[in-house]
Amino acid sequence: ESCISRNQSRSEPIPTEVILEMVKRLESPNPQKNPWETKSIYLNTTDNLSKCDIQKVMELISSALSNPLSPVEDNTEQKEAARLKCASSVVHQADQACRRLISEAMKTARENQVSSGHMRSLATQLNESKATFLHNLRKQLLQETSLTQEEDFDVERVVKRAVDVFDHEKKEILLRIINDHK
């Protein structure tokens, strides 16, 4: 309310909506979450600034000049390496699971006495589908930023969800081949 009131008394006020939007977006300092915010102060500017408020600001500036923050460590390369390692692990495990699913599909096709021509077609379609699936999975994993925190990343769960997608596609291809054979 103070900001809106002060804004109205300006010679060229900004729209009230701009101030309201800023209120939504601005966050109070949180020293527990952001160490660089430990040297923050709160001032109530509803009334005029007191000598005490000015003294607080001067002390903060003096402290900041005496104790500059060290630059944030750039560990981009480490994060990228972790992301690649994690993605490779997921893709490797998904590849192994997909191979087992393809093997099961081929066995099912043999049990349904699918002709050798259809068996070759099935193998080709499944392998092409697997290659596309793994390519897309790797691409998706490398784009996700959450992989930088490996401890928060459940590889097993991601592999299972991904392989479920391939399993569904495998079943569709297998049913199509078996139905074409009949």
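A residue is called buried under 20% relative accessible area, exposed over 50%, and partly exposed in between. In this predicted model, Ile41 has a relative accessible area of 32% and is therefore partly exposed. Ile41 is placed in the loop between helix H2 (16–25) and helix H3 (51–66). A nonpolar patch on the surface includes Ile41 along with Leu43, Leu49, Ile54, Met58, Ile61 and Leu65. Together, the residues of this patch have about 640 Å² of accessible area.

Aromatic contacts were also examined. A pair of aromatic rings is described by the distance of the centres and the angle of the planes. The search of the whole structure returned 1 aromatic pair. This pair is formed by Phe133 and Phe166, with ring centres 5.5 Å apart and planes at 40 degrees, and is therefore tilted. Because Phe133 belongs to helix H5 (residues 116–143) and Phe166 to helix H6 (residues 155–181), the pair ties together parts that are 33 residues apart in sequence. Phe133 counts as buried because its relative accessibility is 11%. Phe166, with a relative accessibility of 0%, likewise counts as buried.

Helix H5, which carries Phe133, consists of 28 residues. From its first C-alpha to its last, H5 reaches 41 Å, close to the 40 Å expected at 1.5 Å a residue. Besides Phe133, the buried residues of H5 are Met119, Leu122, Leu126, Ser129, Lys130, Leu134, Leu137 and Leu141.

Technical notes. Residues are numbered from 1 along each chain as its sequence is written. This is a predicted model: local features need pLDDT of at least 70, side-chain atom pairs count only at pLDDT 80 or more; totals for chains, interfaces and linings use all residues. Side-chain values use heavy atoms; hydrogens and water are left out. Rings of Phe, Tyr and Trp (its six-membered ring) pair if their centres lie within 6.5 Å; planes under 30 degrees apart count as stacked, over 60 as edge-to-face and the rest as tilted. Helices (H or I, at least four residues) and strands (E, at least two) are DSSP runs, numbered from the N terminus. Buried means under 20% relative accessible area, exposed over 50%, partly exposed in between (1.4 Å probe, protein chains only). The expected span of a helix is 1.5 Å times one less than its number of residues. Patches are made of residues with over 30% relative accessible area and no salt bridge: like charges are joined within 9 Å, nonpolar side chains (Val, Leu, Ile, Met, Phe, Trp, Tyr) within 5 Å. Accessible areas come from the Shrake-Rupley method with a 1.4 Å probe; for residues, only the protein chains shown count as cover. A salt bridge is a side-chain nitrogen of Lys or Arg within 4 Å of a carboxyl oxygen of Asp or Glu.
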